[in-house]
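Reader: I have a protein model to look at. Could you take me through it, one question at a time?

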Amino acid sequence: MKLIAPDYYPSFTCIASACRHTCCVGWEIDVDADSLERFCGDEAVFREIDETGTPHIRLREGERCPFLNGDGLCDMILKHGEGYLCDICRDHPRFRNYFTDRTELGLGLVCEEAARIILFSPAPMRLITLEDDGGKEEIPEDEAWLTDLRDRMLASVTETGPRARLLEYLIYRHLPDALYDGRTEERVAFIGSSFDEITALWDASDGKPETVTEIVRQWSYDVEYDEEELERRIAGKVKKDE
């Protein structure tokens, strides 16, 4: 099995208190089973967990995580290190696409620092190998076909600057899930319509890097992190008031 990622992936580091849109405010923080077991022995952490339904951290006033201190830093990291976090906190804003012979990692646009790295990378996205155990797997025909389609789509990007990086991101993130739902045409259409929607907003803005970044961050929050909205968009459904 291999771990593959865009060449910009290793450069990402959370900017913590410098972030204008911290993921420690306003986000549901579910606690995975392994982390819950670990937290059971830590009274200061466990008392902040609600085990009703899916275990999650109780947010405080303003939907702030109780471990987000006044300096905008995580008390859990300061005390125990990043490895102590539950999966969702440790992984954000990363995503994974799974193939027979590899797992592909990526960064999501919902994080302003990740969005900045993605959009303003100076060169076309290049995939690199982070890990490789040397194993060989036979690739199913449908997977090989979809991977080839994605590679051809990436190679055909003619835009420049942030527009090119945006289109590469959309292809890289959203096309592979056609392996699971079989909706290749729908996903290609979604990628195109999303690109058009975002770049139209850019064109209507002042075009400053911080504005460009904020537009994609908000789009990602509204679409990629809303399962119902994402499904609606991929299905090509349009709201009655649109």
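Author: Start with a term. A residue is buried under 20% relative accessible area, exposed over 50%, and partly exposed in between. Keep in mind that this is a predicted model.

Reader: How does E63 count at 47% relative accessibility?
Author: E63 is found in the loop between β3 (56-57) and α3. Its phi is near 55 degrees, a positive value in a residue other than glycine. The cut-off for exposed is over 50%. At 47%, E63 therefore counts as partly exposed.

Reader: And how does A16 count at 29% relative accessibility?
Author: A16 has its place in the loop between β1 (2-6) and α1. Phi of A16 is near 50 degrees, again a positive value in a residue other than glycine. Buried needs under 20%. At 29%, A16 therefore counts as partly exposed.

Reader: What is the peptide bond from H92 to P93, cis or trans?
Author: Look in the loop between α4 and β4 (94-98), the place of P93. Omega from H92 to P93 is near 5 degrees. That peptide bond is cis.

Reader: Now a helix. How far does α9 reach from its first C-alpha to its last?
Author: Helix α9 covers residues 184-203, which is 20 residues. At 1.5 Å a residue, 28 Å is expected. The helix comes close to that, with a reach of 29 Å.

Reader: Within what arc do the buried residues of α9 fall?
Author: The buried residues are T184, R187, F190, I191, S194, F195, I198, T199 and W202. Seen down the axis, they line one face of α9. On the other side, E185 and D203 are exposed.

Reader: Which element gives the most to the largest nonpolar core?
Author: That core has 41 residues, and L166, W202 and V216 touch the most other members. Elements giving two or more residues are β5 (102-107), α5, α6, α7, α9, α10 and α11. The top giver, with seven residues, is α7.

Reader: Which residues does V216 touch, not counting those up to four places away in sequence?
Author: V216 is one of the core members with the most contacts to other members. Leave out residues up to four places away in sequence. The contacts of V216 are then L109, A115, L119, L166, I198 and W202.

Reader: How many aromatic pairs does a search of the whole structure find, and which residues form one cluster?
Author: The search finds six aromatic pairs. One aromatic cluster is formed by W27, Y221 and Y225.

Reader: Are the rings of F39 and Y84 stacked, tilted or edge-to-face?
Author: Both residues are buried. Their ring centres are 5.5 Å apart. Planes under 30 degrees apart count as stacked and over 60 as edge-to-face. The planes of F39 and Y84 are at 55 degrees, so the pair is tilted.

Reader: How many residues apart in sequence are the parts that F39 and Y84 tie together?
Author: F39 lies in helix α1 (residues 33-39). Y84 lies in the loop between α3 (75-80) and α4 (87-91). The pair therefore ties together parts separated in sequence by 45 residues.

Reader: Which residue has its charged end over the ring of Y84?
Author: A charge can sit over a ring. The charged end of R102, for one, is over the ring of F99, 4.0 Å from its centre. Over the ring of Y84, at 5.3 Å from the centre, sits the charged end of R38.

Conventions: Residues are numbered from 1 along each chain as its sequence is written. This is a predicted model: local features need pLDDT of at least 70, side-chain atom pairs count only at pLDDT 80 or more; totals for chains, interfaces and linings use all residues. Side-chain values use heavy atoms; hydrogens and water are left out. Helices (H or I, at least four residues) and strands (E, at least two) are DSSP runs, numbered from the N terminus. The expected span of a helix is 1.5 Å times one less than its number of residues. Buried means under 20% relative accessible area, exposed over 50%, partly exposed in between (1.4 Å probe, protein chains only). The arc is that of the directions from the helix axis to the C-beta atoms. A nonpolar core is a set of buried Ala, Val, Leu, Ile, Met, Phe, Trp, Tyr and Cys residues joined through side-chain atoms within 4.5 Å. Contact means heavy atoms within 4.5 Å. Rings of Phe, Tyr and Trp (its six-membered ring) pair if their centres lie within 6.5 Å; planes under 30 degrees apart count as stacked, over 60 as edge-to-face and the rest as tilted. A charge sits over a ring if NZ of Lys or CZ of Arg is within 6 Å of the ring centre and within 35 degrees of the ring normal.
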